[in-house]
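Subject: Structure handover

Hello,

Here is the structure I promised to pass on. Please open it next to this email and follow along.

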Amino acid sequence: ARGGDEARRSVLLGLARADEQLRPALAALLPAEAFVALYSASRTPFLGALAASAGCGALPSAPSIGLRAMGLSFRNDLGNAAGLDKDGTLLDFNYALGAGYAVVGTVLSDPHSGNLFDFLGGLWRGNAWTPLPSSGGALNSLGLPSKGVEPALRNIAAFRERHGVPPQRAEHGRPAGDGGASFPVGVSIMGHPAHGDPADKLEGVLRCVRLCLPLADFIEINESCPNVHHGGGHGGDATAELRKRLEAIVAERDAAARGGGRRVPLLVKLGDLGEAEGTVRFLSRLGIDGVVALNTQKDYASFELPPADRALLDSYTARYGGGLSGPPILDRSSAQAAAAQAAAERAVAE
């Protein structure tokens with residue numbers, strides 16, 4: 001069975017490599033709507049096939065360079081962002097592939113279909129996603145599809161049991177560990193888009209936090225999905241509301257730690273850091289341990305794209321909206337991450 005899993009995985013990875021080479025030709029040959037429909041319809045089945053190919057064995061040569069962050073040990077610094085593994089079904093695959101960590105989610109308190117669109121005159125209905133073949137970027141309008149927090153946690157628990165990867169206790173000052181145990185699993189959480197009442201939305205987040213604390217190595221609070229309505233005010237009102245939400249989340253985490261649990265690091269994911277110094281200080285004073293930068297971007301005209309990708313982006317966003325990710329936003333993300341790191345180092349030195 002193990003050999004069969006490895007063979008299937010090799011075939012799937014080979015198909016992915018071939019697809020990468022064929023994408024520019026497909027984009028040139030197919031109408032934009034058909035190209036988007038092809039990749040939107042095939043995304044979930046392909047990820048499901050990858051998950052099924054993983055088997056239960058890790059590769060013994062998984063690279064380890066021994067990193068520590070937030071008191072956690074990482075076997076290396078390469079892992080997936082939230083959005084790829086919505087429900088924890090790819091943990092075995094990423095672990096066997098040699099990733100240094102994984103993020104599951106974004107999970108919601110209850111199941112959610114995400115944003116559903118009709119494709120090709122109603123022949124198929126589902127979530128929209130497309131690669132941008134020439135730049136390596138991507139566009140998505142998924143809208144947080146989720147089976148709910150409980151199925152994701154069952155998958156995390158089963159993964160930990162299979163591979164002997166227990167939740168870590170954050171301990172600062174220790175050297176980085178090695179091997180499979182140094183594989184942090186984070187969970188990304190956000191308020192349910194269908195909850196219009198801010199109090200209901202926050203209670204859903206707190207419920208997810210309570211359920212995730214025993215199993216997650218770190219928790220990411222997603223305050224930045226561009227494909228759903230967040231509600232709330234603007235300017236100072238938005239900051240006050242964010243403060244209230246994060247204070248409640250930190251209090252939930254700290255109460256669990258005082259009750260004998262682990263102190264699980266909390267991160268906040270943002271679409272833009274704004275003035276990095278002020279953002280880092282604001283989050284740090286609330287008890288937040290880190291910031292994730294950046295989520296997908298929607299100011300499309302700000303990014304350089306090859307003409308073919310620009311035409312595909314214009315067609316896609318006119319129909320589905322969505323956020324831009326990948327190499328086109330790398331410079332912005334890297335610059336903001338560097339600014340946040342510098343601000344954090346100055347705060348620590350004071």
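**Salt bridges**

Arg 253, Asp 254, Arg 263 and Asp 289 are linked in a network of salt bridges. A salt bridge here is a side-chain nitrogen of Lys or Arg within 4 Å of a carboxyl oxygen of Asp or Glu. By this rule the count comes to 15 salt bridges.

Before the rest, some ground rules. This is a predicted model, in which local features need pLDDT of at least 70, side-chain atom pairs count only at pLDDT 80 or more, and totals for chains, interfaces and linings use all residues. Residues are numbered from 1 along each chain as its sequence is written, and side-chain values use heavy atoms, with hydrogens and water left out.

Back to the pairs. Glu 33 forms a salt bridge with Arg 319, and their closest N and O atoms are 3.9 Å apart. Glu 33 lies in helix H2 (residues 32-53) and Arg 319 in helix H8 (residues 307-320), so this pair ties together parts that are 286 residues apart in sequence. Helices (H or I, at least four residues) and strands (E, at least two) are DSSP runs, numbered from the N terminus.

Glu 33 is partly exposed, at 26% relative accessible area. Arg 319 is also partly exposed, at 44%. The cut-offs: buried means under 20% relative accessible area, exposed means over 50%, and partly exposed is in between (1.4 Å probe, protein chains only).

Glu 150 forms a salt bridge with Arg 207, with 2.2 Å between the closest N and O atoms. This pair, too, links distant parts of the chain: Glu 150 is in helix H4 (residues 149-163), Arg 207 is in helix H5 (residues 198-212), and they are 57 residues apart. Glu 150 counts as partly exposed at 29% relative accessibility. Arg 207 is partly exposed at 28%.

Arg 125 forms a salt bridge with Asp 118, and the closest N and O atoms are 3.2 Å apart. Asp 118 counts as partly exposed, at 47% relative accessibility.

**The chain as a whole**

The chain has nine helices and twelve strands. Of its 350 residues, 47% count as buried. It exposes about 16100 Å², and carbon and sulfur atoms supply 57% of that. These areas come from the Shrake-Rupley method with a 1.4 Å probe; for residues, only the protein chains shown count as cover.

Now contacts, meaning heavy atoms within 4.5 Å. Among contacts in the chain with a separation of 6 or more, residues 24 or more positions apart account for 74%.

**Strand E10**

Which strand has five of its five residues buried? It is strand E10 (residues 266-270), so E10 is largely enclosed by the rest of the structure. Both of its faces are covered. Leu 266, Val 268 and Leu 270 are buried on one side, Leu 267 and Lys 269 on the other.

E10 has these partners. Strand E9 (residues 218-222) runs parallel to E10, joined by four bridges. Two strands pair if DSSP finds at least two bridges between them. Asn 222 has Lys 269 in E10 as its bridge partner. Strand E11 (residues 290-293) also pairs with E10 in the parallel sense, over four bridges. There, Val 268 stands opposite Val 291 in E11.

**The three-stranded sheet**

An open sheet of three strands has the order E6-E7-E12, with antiparallel pairing. Its edge strands are E6 (129-132) and E12 (323-325), each pairing on one side only. The twist averages 20° from one strand to the next.

E6 and strand E7 (residues 137-140) pair over four antiparallel bridges. Trp 129 has Asn 140 in E7 as its bridge partner. H8 lies across E6, E7 and E12, and runs at about 165° to E6. Axes are lines fitted to C-alpha atoms, for helices over the stretch in contact, and angles run from 0 to 180 degrees between N-to-C directions.

**Two single residues**

Is His 192 buried or exposed? His 192 is buried, with a relative accessible area of 5%. It lies in the loop between strand E8 (185-189) and H5. Not counting residues up to four places away in sequence, His 192 touches Leu 108, Ser 109, Asp 110, Pro 111, His 112 and Lys 201.

Glu 20 is in helix H1 (residues 2-29). At 53% relative accessibility, Glu 20 counts as exposed.

Best regards
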